Amino acid sequence: MLLGYLLGSIPFGVILTRLAGAGDLRTIGSGNIGATNVLRTGRKGLAAATLLLDGAKGWAAVLLCDHLFPGTGVIAAAAAFLGHLYPVWLKFRGGKGVATMMGILLALHWPSALVYAGIWLGLLAVLRISSLAGMTAAVSAPVSVALFSQFDLVLLLLALALLVLWKHRANIDRLLAGTEPRIGSKSG
C-alpha cells in the first residue's frame with residue numbers, strides 16, 4: 001500500500017514544469033498539477049509528458065506491487081490513486097486523477113482501458129472540454145468492467161470515479177453555469 005501511494009504521489013506536472021523553467025505549476029491557471037494545467041503553460045510537450053507519466057505511475061504501481069506482493073494490485077491501485085490526489089510532497093494537494101486512473105485501468109483490465117481512452121479522447125476532440133471528457137471517461141470505467149464481466153473491479157473503479165467527480169466539483173459548477181473553459185480558448 002505504501003509503495004503504491006508513494007509512486008502515485010510523484011507530482012510529475014510540478015517536476016516537469018520546474019525542470020523546464022516554466023515556474024511553479026500550482027501558481028499557473030487552475031493551480032492543478034495535471035496535464036490540462038501544464039498545457040496552460042503553452043508547452044504541449046510538457047503536457048503530453050505529464051499525461052503519460054501520470055498514467056504510467058498508476059500502471060507501474062499496480063504491476064510492480066502485484067509482482068512483488070502477488071494479489072495486491074487492487075490495493076496498490078487505490079493507494080496510487082490516493083497518492084496522486086493527495087500527495088504528501090505537496091501538502092496533500094494533488095491532481096484530479098483522470099490520467100492516473102487510465103494507467104490503473106490499463107494495468108487491471110486493458111480492454112476497459114481502451115473504452116476509457118476512446119471516450120476520453122473522443123469527447124475531448126469533439127467538445128474540447130477537458131473536465132467533462134475526463135469525468136465521463138472515469139464514470140465509464142466501472143460500467144465497462146461490469147460489461148466485460150470483471151465484477152471484482154467494479155467497486156474499486158466506482159470509488160475512483162466518485163473521487164474524480166469530487167475533485168472536479170468546481171468544474172461541475174462551471175459546466176452548469178456555462179463558464180467551463182475549452183481547450184485552446186483564451187479564457188482557459
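1. Start with Asp 24, which pairs up with Arg 18 in a salt bridge; their closest N and O atoms sit 3.5 Å apart. Keep in mind as you read that this is a predicted model. Asp 24 has a relative accessible area of 22%, so it counts as partly exposed. Arg 18 is partly exposed too, at 48%.

2. If you're wondering what is behind pairs like this, side chains of opposite charge can pair when their charged atoms come close.

3. Have a look at Arg 174 and Glu 180, another salt bridge, where the closest N and O atoms are 2.7 Å apart. What about cover from the rest of the protein? Arg 174 is partly exposed, with a relative accessible area of 30%, whereas Glu 180 comes out at 12%, which means it is buried. Going back to Asp 24 and Arg 18, salt bridges that share partners tie Arg 18, Asp 24 and Arg 26 into one network.

4. Next, find Asp 54 and Lys 57, whose salt bridge has its closest N and O atoms 3.4 Å apart. How far along the helix are these two from each other? They are 3 residues apart in helix 4 (residues 44–68), so about one helical turn separates them. Are they buried or exposed? Both Asp 54 and Lys 57 are buried.

5. Now move to helix 8 (residues 130–147) and helix 10 (residues 169–177). Their axes come within 10 Å and cross at roughly 120 degrees, and the crossing is left-handed. On the helix 8 side, the contact is made by Ser 131, Leu 132 and Met 135; on the helix 10 side, Asn 171, Ile 172 and Leu 175 take part.

6. While you're at helix 8, check Ser 130, which lies in that helix. Its relative accessible area is 18%, and because buried means under 20%, Ser 130 counts as buried. Which residues does Ser 130 touch, leaving out those up to four places away in sequence? They are Thr 36, Leu 124 and Ile 183.

7. Last, the surface. Leu 2, Leu 6, Val 88, Trp 89 and Phe 92 make a nonpolar surface patch of about 510 Å². One of them, Leu 2, lies in helix 1 (residues 2–8). Leu 2 has 60% relative accessibility, so it counts as exposed.

Key. Residues numbered from 1 in each chain as written. Predicted model: local features only at pLDDT ≥ 70, side-chain atom pairs only at ≥ 80, totals over all residues. Heavy atoms only, no water. Patch = residues over 30% accessible without salt bridge, like charges linked within 9 Å, V, L, I, M, F, W, Y side chains within 5 Å. Areas by Shrake-Rupley, 256 points an atom, 1.4 Å probe, with all protein chains shown as cover. Salt bridge = Lys/Arg side-chain N within 4 Å of Asp/Glu carboxyl O. Helix = DSSP H or I, 4+ residues; strand = E, 2+ residues; numbered from the N terminus. Buried < 20%, exposed > 50% of the residue type's maximum accessible area, 1.4 Å probe, protein only. Axes fitted to C-alpha atoms, helices over the stretch in contact; angles between N-to-C directions. Left-handed = near helix turned anticlockwise from the far one by under 90°. Contact = heavy atoms within 4.5 Å.
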